[in-house]
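Let's take a walk through a protein model together, one stop at a time.

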Amino acid sequence: MKLSVIIPVYNEKRTILKILKKVLEVPVEKEIIIVDDGSTDGTKEILQSINDERIKIIFKEKNEGKGTAIREGLKHITGDIVVIQDADLEYNPFDWLKMIEFIKEKKVDVVFGSRILGKNKKSSFVFHYGGKLVTFLTNLLYGTKLTDAPTCYKMVKKEILDRINLKCKRFEFCQELTAKLRKRGYKIYEVPISYNPRSIREGKKIRWKDGIEAIWTLIKYKFID
Ligand SMILES: Nc1nc2c(ncn2[C@@H]2O[C@H](COP(=O)(O)OP(=O)(O)OP(=O)(O)O)[C@@H](O)[C@H]2O)c(=O)[nH]1
Ligand SMILES: [Mg+2]
């Protein structure tokens, strides 16, 4: 089972090489697709200097958001299962091993990595409770029993993604994918993962407006597709 890793990146010069090194170290058959979203802080130049046949890099001219970058990345994948990896160091790619094991052993299609089940240090107040609210609404609207709906680690079989038409532009990727998986009847399982939250000062780009968009996305896709 080959894993396709999509790394959307925007202005992450401090962490991009560190996370890439970790991603390469994970002992699993994989392809790595980085989508640079018009970075202006030097990330683009760092990526341009990489010459490694294991890594495919797509450069977008202008910044259009994480969701657009992921959709671009999805056009290039050839693996059997897909995961999104942020270009910061909040998530640990070695957690994929547990997730892949779960998919293989239990013969399931979708596994989310839960930061809540993983008993990690909490993010700052707004991010922590914002995440809880999004999880609560997801469970309410889509009949799930998730503990961490907005997790970045959503591992899905490619054949299922092929049946889903995503329209997201920014961070609402998470909610659109969850909503559409559920509307097509897929059960979502969770495994505990580790999480090392960063602050806005350390480069976090998500804001309260993205929380509103997340909630709106959950409501919208309940009624349309
Ligand atoms: N392609 C692209 N990536 C972005 C953009 N904004 C943020 N990212 C990337 O998305 C990832 C997550 O951004 P963060 O700011 O850490 O936000 P987060 O709270 O971890 O976000 P989620 O995991 O998406 O809920 C990082 O790898 C960023 O570089 C953007 O405009 N375009
Ligand atoms: Mg992050």
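Please remember throughout that this is a predicted model. Which residues of α3 are buried? They are G67, T68, A69, I70 and G73.

What kinds of residues make up the shell?

Now look at some of the individual distances. A polar side-chain atom of D88 sits 2.7 Å from an oxygen atom of ligand 1, while for N63 a polar side-chain atom is found 3.0 Å from an oxygen atom of the ligand. With P8, the backbone takes part: one of its polar backbone atoms is 3.2 Å from an oxygen atom of ligand 1. How much of the ligand does the protein bury? Taken alone, ligand 1 exposes 630 Å², and the protein buries 94% of that area.

Together with E90, D88 coordinates the magnesium ion, which is ligand 2, at 2.0 to 2.1 Å. The coordinating atoms are labelled OD in D88 and OE in E90. Both D88 and E90 are buried.

Next, let's visit a few loops. Find S39 in the loop between β2 (30–37) and α2 (43–48). Is S39 buried or exposed? S39 is buried, because its relative accessible area is 6%, and the cut-off for buried is under 20%. Leaving out residues up to four places away in sequence, S39 touches V9, Y10, N11 and K44. The side chain of S39 also reaches the backbone nitrogen of N11 at 2.8 Å, and makes a polar contact of 2.6 Å with the side chain of D36.

Another loop, between α5 (125–142) and β6 (154–157), holds T144. With a relative accessibility of 10%, T144 counts as buried too. Which residues does T144 contact, once neighbours within four places in sequence are set aside? They are T138, N139, R182 and I188. With N139 there is a polar contact between the two side chains, at 2.6 Å. For a sense of scale, compare T144 with N92: these residues are 52 places apart in sequence, and their C-alpha atoms are 25 Å apart in space.

Our last stop is V108, in the loop between α4 (96–106) and β5 (110–114). V108 is counted as buried because its relative accessibility is 7%. Apart from neighbours within four places in sequence, V108 is in contact with F102, I103, K157 and Y189. Between V108 and G38 there are 36 Å in space, C-alpha to C-alpha, and the two are 70 residues apart in sequence.

Conventions: Residues are numbered from 1 along each chain as its sequence is written. Chains are lettered from A and ligands numbered from 1 in the order in which they are written. This is a predicted model: local features need pLDDT of at least 70, side-chain atom pairs count only at pLDDT 80 or more; totals for chains, interfaces and linings use all residues. Side-chain values use heavy atoms; hydrogens and water are left out. Donors are N, O and S atoms within 2.8 Å of the metal (3.2 Å for Na, K and Ca); water is not among the atoms, so sites may look incomplete. Buried means under 20% relative accessible area, exposed over 50%, partly exposed in between (1.4 Å probe, protein chains only). A polar contact is a pair of N or O atoms within 3.5 Å; within protein, one must be able to donate a hydrogen and the other to accept it, and residues adjacent in sequence count only if both atoms are side-chain atoms. Accessible areas come from the Shrake-Rupley method with a 1.4 Å probe; for residues, only the protein chains shown count as cover. Helices (H or I, at least four residues) and strands (E, at least two) are DSSP runs, numbered from the N terminus. Contact means heavy atoms within 4.5 Å.
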